[in-house]
Amino acid sequence: MRKRLSLSAYLEGILSGDRVVLSQAITLTESSRADDRELADRLLEAILPHTGNAVRIGITGAPGVGKSSFIEAFGNYLTAQDYRVAVLAIDPSSRQSGGSILGDKTRMETLARNPSAYIRPTPSGLTLGGVARQTRETLLLCEAAGFDIILIETVGVGQSETEVRNMTDCFFLLLLAGAGDELQGVKRGIMELADFLLITKDDGDNRTRVETARRDYAHALHFLAPPASGWTVPVLPCSIFQDESIENIWKQTEEYLSFIQKNGFFSAQRERQNLSWMHAFIRQQLEAQFYANPLIQRRLQDLEEQVRKGTIPPLTAAKRLFSAEI
Ligand SMILES: Nc1nc2c(ncn2[C@@H]2O[C@H](COP(=O)(O)OP(=O)(O)O)[C@@H](O)[C@H]2O)c(=O)[nH]1
Ligand SMILES: [Mg+2]
């Protein structure tokens, strides 16, 4: 049996920055056992006054664009500036693809050994909603443990970008030069979520292609809805082999952060996000309670069967379940 600590032991460990206790606390929040969940909820409440002080950055882009490599370079740069950096991965597909976390671990080899950094992959086998909830809780625990910058890597699969956008202050979209948007699965909607476009692999004989792509994307941005923050989205070259490009990205991120702090967008965005977390949780709870209801469970199978046979319309079946619950 796994050892469970007391609430105060978790709390003290986390607040003193003890990463063993931090890891144990994250594991506690990942548990589906009711008593673990209850303790986790009490812990999350207790740490709340110590959260919210980190800069939260989301990083997205097609597989292979260089997200994990960028996080390794960016994370090491930031720790060299005396920041403590936590890296979270949000990857609802990791169960199917199997090896993605393993792949990322090798991409982040030096960061994984960096004493000022902490890397925590998403547990596999969660639904998208579950991954989002889990990532939020891990983020809060890392903030309470004193991390200054939280980097969240997402895979390029539609909805997870929106989820990550919804829990971060700043969102980077990484793009390849010369690959075309279709090929990279970059939808217009995702481009509109980004605060920065970073064209990766700006090194070797790829540099002229990156410059062309940079100009093309800067032009394309004119046809998109501008961000609500009032910020002008920069399109920046990026290479893990060019320290200046990494440094420049951080400099511009600082500029962006002070811009949105001054115009009030930073706190407005956090407030909106907190409300949206609350409603996401309500939806999850309602759904869970609904399906856990024995009355529903008893009638569900029968009604599913009727819908399958076409003897009643899906909407009617759903409505009957709702009236059954009341
Ligand atoms: N030349 C070059 N290769 C890069 C750069 N960044 C990443 N790569 C390579 O691109 C491949 C995919 O990188 P990875 O970080 O795993 O991409 P991810 O799937 O987006 O996380 C790897 O082979 C990396 O070595 C870069 O800045 N320059
Ligand atoms: Mg990766």
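**View 1. The contact of helix α13 with helix α14 in the predicted model.** The axes of helix α13, which spans residues 265–292, and helix α14, which spans residues 294–309, come within 5 Å and cross at roughly 70°. Because angles of 65 to 115 degrees count as roughly perpendicular, α13 is described as roughly perpendicular to α14. On the α13 side the contact is made by Phe-290, Tyr-291 and Ala-292, which meet Pro-294, Ile-296, Gln-297 and Leu-300 of α14. By residue class, this contact between α13 and α14 comprises 6 nonpolar residues and 1 polar residue, with no charged residue taking part.

**View 2. The largest nonpolar core and the surroundings of Phe-172.** This core has 49 residues, of which Ile-57, Phe-70, Phe-74, Leu-151, Phe-172, Leu-197 and Leu-198 touch the most other members. When neighbours within four places in sequence are left aside, Phe-172 is in contact with Ile-57, Gly-58, Ile-59, Thr-60, Phe-70, Phe-74, Phe-196, Leu-198, Ile-249 and Thr-253.

**View 3. Ser-245 in helix α12.** Ser-245 is part of helix α12, which is formed by residues 243–262. The relative accessibility of Ser-245 is 10%, and this residue therefore counts as buried, the cut-off for that class being under 20%. Apart from neighbours within four places in sequence, Ser-245 is in contact with Pro-237, Cys-238 and Ser-239.

Terms used:
Residues are numbered from 1 along each chain as its sequence is written. Chains are lettered from A and ligands numbered from 1 in the order in which they are written. This is a predicted model: local features need pLDDT of at least 70, side-chain atom pairs count only at pLDDT 80 or more; totals for chains, interfaces and linings use all residues. Side-chain values use heavy atoms; hydrogens and water are left out. Axes are lines fitted to C-alpha atoms, for helices over the stretch in contact, and angles run from 0 to 180 degrees between N-to-C directions. Helices (H or I, at least four residues) and strands (E, at least two) are DSSP runs, numbered from the N terminus. Angles under 35 degrees count as roughly parallel, over 145 as roughly antiparallel, 65 to 115 as roughly perpendicular and the rest as oblique. Contact means heavy atoms within 4.5 Å. Ala, Val, Leu, Ile, Met, Phe, Trp, Tyr, Cys and Pro count as nonpolar, Asp, Glu, Lys and Arg as charged, and the others, Gly among them, as polar. A nonpolar core is a set of buried Ala, Val, Leu, Ile, Met, Phe, Trp, Tyr and Cys residues joined through side-chain atoms within 4.5 Å. Buried means under 20% relative accessible area, exposed over 50%, partly exposed in between (1.4 Å probe, protein chains only).
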